[in-house]
Amino acid sequence: MFAHAVRRASAAWRSGKEDRPAEAGAILAGMLRSRQPPLGTGERELLAELFAPQPANEHDALAGRPPKGAGHPDVVAVMNHLQNEIAKSSLHKNALADTASHFKISVRTVEEYEAITREREAATKAAIRSLYEDD
């Protein structure tokens, strides 16, 4: 509720969507004037952004959950299952579908995991080759 009030007041203040930012900020002002517990750091940051927004940086562009790499336990488990399905002489397409069904993920996710695993294997082989070629 608080975050929504801050965002609404901020939008009205910055862009002038409303002629009267004070009206858009009335909910926020009411919360601030109430006898609620002191503001936390997140709430303070929202208020600071209202008056002095920080410029976007590289970290902001990367916000969110980081992608899973080839060594992630989920990726390893999916790839092991996929390889077992292929070893059972399943067609690759069927092995993808069976693996996706087993882990309750999409076939596209299995394909992505397979691609990052293959990329890692290729990079590892190239690195090993370069070690022995320099000698």
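Predicted model: local features only at pLDDT ≥ 70, side-chain atom pairs only at ≥ 80, totals over all residues.
Local features are described where pLDDT is at least 70, side-chain atom pairs count only at pLDDT 80 or more, and totals for chains, interfaces and linings use all residues. Residues are numbered from 1 along each chain as its sequence is written, and side-chain values use heavy atoms, leaving out hydrogens and water.

Helices here are DSSP runs of H or I with at least four residues, numbered from the N terminus. Helix α6 takes in residues 73-87, 15 residues in total, and reaches 21 Å from its first C-alpha to its last, close to the expected 21 Å; that expectation is 1.5 Å times one less than the number of residues. Within α6, Val75, Val78, Met79, His81, Leu82 and Glu85 are buried (under 20% relative accessible area, with exposed meaning over 50%, for a 1.4 Å probe and protein chains only). These residues lie on the same side of α6 because they cover an arc of only 160° around the axis, taken from the directions from the helix axis to the C-beta atoms. The face turned away from this buried side carries the exposed residues Pro73 and Ala87.

Cover for the buried residues of α6 includes α7 (92-103) and α8 (107-133). A closer look at α8 brings in threonine 117, which sits in that helix and counts as buried at 11% relative accessibility. Threonine 117 touches Ala70, Val75 and Met79, leaving aside residues up to four places away in sequence; contact means heavy atoms within 4.5 Å.

Lysine 104 is exposed, with a relative accessible area of 75%.

Technical notes:
Helix = DSSP H or I, 4+ residues; strand = E, 2+ residues; numbered from the N terminus.
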